[in-house]
Amino acid sequence: MKLSSMFKKPNQKKYISLTESQNAIERTVSPEVPEGLWKKCNECKSAIMTEDVKNGYYICPKCGHYFRMHAMNRIKMIADSDTFEEWDTGLTSGNPLNYRGYEEKVQALREKTGLDEAVVTGKAKIDGREVVLAACDGRFMMASMGKVVGEKITRAVERATTEKLPVVIFACSGGARMQEGIHSLMQMSKTSAALKRHHDAGQLYISVLTDPTTGGVTASFAMLGDIILAEPKALIGFAGPRVIEQTIGQQLPEGFQRAEFLLEHGFIDKIVERKDMRDTISQIIQLHEKGEIQDSVLQDPEHLNLQQEYNHNVTAWERVQLSRKQERPVGTDYISELFTDFMEFHGDRYYRDDKAIVGGIARFRGMPVTVIAQAKGKNTKENIERNYGMPSPDGYRKALRLMKQAEKFGRPIICFVDTPGAFCGIEAEERGQGEAIARNLYEMSGIKVPIVSIIIGEGGSGGALAMATSDEVWVLENSIYSILSPEGFASILWKDSSLAQEAAGVMKLTAQHLKKTGIVEQVFAEPEEFTVDTLKEVTAKMELYLAAFIEKYTKLSAQELVDNRYERFRKM
Amino acid sequence: MIKKVLIANRGEIAVRIIRACREMGIETVAVYSEADKEALHTQLADEAYCIGGAPSADSYLNMEQIISATIVSGADAIHPGFGFLSENHKFAELCEKCNIIFIGPSAEVIRKLGDKSQARNTMIEAKVPVIPGSNEPIFEAEEALKAAEKIGYPVIVKAALGGGGKGMRVAATEDELENAFQTAQKEAKAAFGDGTMYMEHFIQHPKHIEFQILADKYGNVVHLGERDCSIQKNHQKLIEESPCVAISEELREKMGEAAVKAAKAAQYENAGTIEFLLEETGEFYFMEMNTRIQVEHPVTEWVTGIDLIKEQIRIASGNELAYKQEDIHLTGHSIECRINAKTPGTITDMYLPGGKGVRIDSAIYSGYTVTPYYDSMLAKLIVFAKNREEAIMKMRSTLGEVIIEGIETNVDYQYEILNDADYFAGNYNIEFIAEKEEELLRHEAI
């Protein structure tokens with residue numbers, strides 16, 4: 001049955017009100033939506049409550065779209081309340097090109113936005129820690145960088161260097177400011193140079209890229225962070241997408257130049273949602289403070305007299321198989337077992353983020369350390385994603401980048417090695433697998449902080465060595481470390497890869513041989529059934545040795561450290 | 001005076017409100033989702049506006065669309081019905097900001113009563129009895145023993161982070177408490193990693209009793225007696241009746257006074273309901289206040305003769321209450337059964353009964369399709385007779401006549417409850433369904 005037009009409805013004009021009463025209030029106002037109560041989301045086109053947007057991190061409550069934020073709101077969201085002290089207000093650039101109407105436009109924007117230029121800089125506290133904070137504001141000529149923006153950023157960085165404070169910059173910009181011509185271009189060098197000095201002084205710079213960060217700002221201060229964070233889906237690039245499309249005459253793929261694209265291409269460390277931004281920045285700052293190991297082990301070296309019960313009734317080939325076993329704990333298991341507050345950072349800053357290597361900063365017994373692990377997967381899906389733990393050149397470059405940062409901030413480095421070997425493929429050769437490995441050996445030999453490498457499974461050749469040119473190398477009882485896989489060895493020398501079992505016997509790749517010949521310093525016994533469930537039996541001992549290692553090696557001067565490492569390999 | 005009302009709801013309550021408005025000479029505006037184009041409320045109202053897709057979040061919960069429809073249609077008030085936005089203080093506030101009369105209490109009152117601990121404190125201040133409990137967290141068995149003396153046995157120990165009955169223990173005596181506390185705490189630590197405990201008086205076999213109140217702008221408050229809503233399945237009410245057999249005239253007066261006090265303390269305006277738990281001993285405790293019209297309002301309408309929807313509109317128009325407490329009398333007995341769909345589907349054929357003392361509030365018709373998007377309630381059968389026995393007989397007869405073809409409903413299940421001896425004797429509390437579930441299902445299947 002259809003109900004349309006079935007019902008008799010009274011003629012509205014003849015309605016007689018039954019409810020008139022002396023008390024009833026006559027209304028003098030009629031319903032209307034007050035100005036500014038709601039706005040339209042430019043992404044999903046829904047009407048949304050302005051207040052919900054303000055209280056919800058300036059994100060569309062309907063579709064999750066990130067709105068661009070005013071600089072002052074950004075600062076409010078990040079800094080402890082009432083701690084922001086603004087610096088360098090009132091600077092002007094004049095009109096270097098005498099561009100018609102430029103001064104009037106700047107003046108009008110000042111009045112409209114209440115800002116004096118496209119960036120706000122100053123000092124604030126985040127969870128009680130002082131930082132120099134800068135935030136660009138897109139309302140002001142799309143936060144383009146002219147002389148004033150360049151000058152304010154430079155001054156803020158210089159002051160941060162002098163006062164030994166971390167710098168946090170929220171970038172957002174259309175690029176250099178056209179109206180100031182070549183003078184704008186110079187700001188790119190100026191800001192970069194100031195950041196170089198800040199870097200050389202050993203100070204931290206966190207860059208946060210927001211929508212959109214393009215042109216001369218991307219090609220200067222925005223991309224120079226020790227840590228580069230980005231908001232989800234932010235447009236980040238040098239040339240704008242429209243310019244690229246016109247130039248190459250092709251349509252750009254979905255997601256091109258978005259934060260996720262950059263993460264995949266190794267240019268940013270982490271995508272952080274707005275609601276987590278403050279806590280993430282605060283945690284990064286705290287992880288960059290100098291720290292010491294809690295609960296000294298060396299003062300009570302008794303701890304290190306651990307009984308290690310090795311199982312000697314295992315053949316070399318059986319150990320090879322054990323080292324490759326699917327159930328064996330992988331690098332990420334060790335990270336979660338031995339460290340707290342692990343924060344992963346991504347990318348090599350050249351081409352790609354290699355998932356075969358996981359690295360970042362964590363705390364070990366309270367002390368900030370850099371942790372890098374060659375990461376096999378725990379199942380086939382993860383293994384495909386992580387390329388079975390076979391790093392590409394991008395992975396080694398990421399590892400080196402993280403090691404260099406550890407050196408800058410004085411953090412010990414702990415590497416977990418577990419790879420069948422460096423990835424063997426066309427792309428790997430195109431991007432210089434050999435160069436990447438060589439570079440790591442070369443650079444690691446001179447790194448001025450302690451490095452320990454632990455081979456937790458397979459130590460496959462140069463691919464392992466590129467993360468094991470260290471002060472000490474440790475192995476697990478059933479780990480292997482060799483010039484090549486036994487299969488490869490048999491195939492090269494005996495032209496028959498099926499003789500791998502025999503090869504394993506002659507290669508002297510087991511823990512006992514490695515220890516005997518001084519290739520490694522320490523062997524950890526393994527439980528009979530070695531899985532994530534029994535990992536603690538190994539890490540309990542490993543933790544004590546790690547603590548002792550860090551205590552011992554952090555006492556050495558940089559020169560002693562590098563000399564010892566040199567000697568370690570020199571005598572081999 | 002309100003001249004045009006937009007009904008921000010669907011189903012039988014929207015129809016109920018449209019009818020009341022029509023009788024009052026007020027124009028009506030329906031809003032509907034894409035799934036409700038053919039719905040009764042859409043067709044019955046003077047005007048109707050589509051406000052979005054079938055999921056509630058896109059339509060009946062879409063505040064911006066509803067406000068826009070109100071302004072476009074020229075309505076001066078919104079009736080929110082129950083469910084959806086009816087107890088959403090943000091929506092009420094939005095109406096206030098847009099000069100739209102929200103037929104219900106103010107945003108501030110909705111917010112305060114929606115906050116459990118704030119509502120509890122308001123009631124404690126107003127000397128309305130609340131369930132005695134430890135206001136402070138308890139960590140040691142010794143503290144628990146001390147607190148229990150004040151609260152009164154039996155007590156229930158609950159984990160602060162509790163849920164799903166974990167970390168919960170009842171103790172009837174001092175001897176039991178120590179053990180109960182430690183077991184509950186151990187369980188809480190294991191399940192939630194936290195041993196923070198609370199304790200409150202444990203109410204044995206309570207009845208769910210609620211009092212209907214009406215309050216005007218001028219501080220006048222009356223109560224319209226109680227409803228016994230103890231027949232519940234998984235906290236969903238199935239059958240409601242008024243008056244409650246277990247309440248004497250004296251107790252009614254006492255509870256009614258408490259309800260009025262509660263409404264006054266909350267500075268309440270419009271129709272509202274105060275929920276109590278009633279112990280076998282006759283002790284009663286405030287649970288919460290519902291700031292909307294209730295599904296079960298017809299039973300009160302029938303025993304008091306007052307049209308609650310019309311009263312809501314009059315109060316929202318600024319009229320003073322036309323009744324004093326002494327004008328309110330409960331006459332006869334009324335019972336409501338909720339008929340729910342068990343599955344979505346299209347009603348191919350139906351017959352709904354009638355006759356003296358039978359009222360059916362519904363929005364279904366032959367050919368109506370029950371979608372999975374909204375509440376499953378199809379109809380409310382309400383009967384009225386001069387006493388409870390006659391009302392039960394009438395309800396049995398009415399349920400026996402209901403025919404709804406094409407989808408499965410709970411009519412037979414309801415029929416079994418009405419034929420239960422304990423129900424007939426008025427011998428029931430909120431545990432009734434849980435205790436009888438098996439038996440009811442067995443009979444229903446036959």
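The C-alpha centres of domain 1 and domain 3 of chain B lie 24 Å apart. The model is a predicted one, in which local features need pLDDT of at least 70 and side-chain atom pairs count only at pLDDT 80 or more, while totals for chains, interfaces and linings use all residues. Residues are numbered from 1 along each chain as its sequence is written, with chains lettered from A and ligands numbered from 1 in the order in which they are written.

Chain B is assigned domain 1 (4-103), domain 2 (132-201) and domain 3 (207-445); such bounds come from an automatic or database domain assignment. The contact between domains 1 and 3 of chain B takes 25 residues from domain 1 and 22 residues from domain 3, two residues being in contact if their C-beta atoms, placed from the backbone, lie within 7 Å. On the domain 1 side, α1 (11-24) and α2 (40-44) of chain B each supply at least two residues, and the largest share, seven residues, belongs to α1(B). Helices (H or I, at least four residues) and strands (E, at least two) are DSSP runs, numbered from the N terminus. By class, this side of domain 1 of chain B has 15 nonpolar, six polar and four charged residues; Ala, Val, Leu, Ile, Met, Phe, Trp, Tyr, Cys and Pro count as nonpolar, Asp, Glu, Lys and Arg as charged, and the others, Gly among them, as polar.

Eight strands form an open, antiparallel sheet in the order β13-β12-β9-β10-β11-β14-β19-β17 (chain B), where two strands pair if DSSP finds at least two bridges between them. Strands β13 (284-290) and β17 (358-362) of chain B each have a single partner strand, so one side of each is left without a neighbour in the sheet. The twist averages 25° from one strand to the next. Within the sheet, β9 (residues 207-215) and β10 (residues 221-233) of chain B are joined by six bridges, and B:Leu214 has B:Val222 in β10(B) as its bridge partner. Helix α11 (residues 308-316) of chain B lies across β9 and β12 (270-278) of chain B, at about 125° to β12(B); axes are lines fitted to C-alpha atoms, for helices over the stretch in contact, and angles run from 0 to 180 degrees between N-to-C directions.

The largest nonpolar core has 135 residues, and those with the most contacts inside it are A:Leu133 and A:Leu209. A nonpolar core is a set of buried Ala, Val, Leu, Ile, Met, Phe, Trp, Tyr and Cys residues joined through C-beta atoms within 7 Å. A residue is buried if 20 or more other C-beta atoms lie within 10 Å of its own, exposed if 12 or fewer, and partly exposed in between, with C-beta atoms placed from the backbone. Helix α20 (residues 535-554) of chain A gives the largest share of this core, eight residues. A second, separate core of 122 residues includes B:Ile213 and B:Val303.

Most residues other than glycine have a negative phi, and most peptide bonds are trans. A cis peptide bond joins A:Asp211 and A:Pro212, with omega about -15°; A:Pro212 is found in strand β7 (residues 205-213) of chain A. Phi of A:Lys45 is positive, near 65°, and A:Lys45 counts as exposed because it has 9 C-beta neighbours inside 10 Å.
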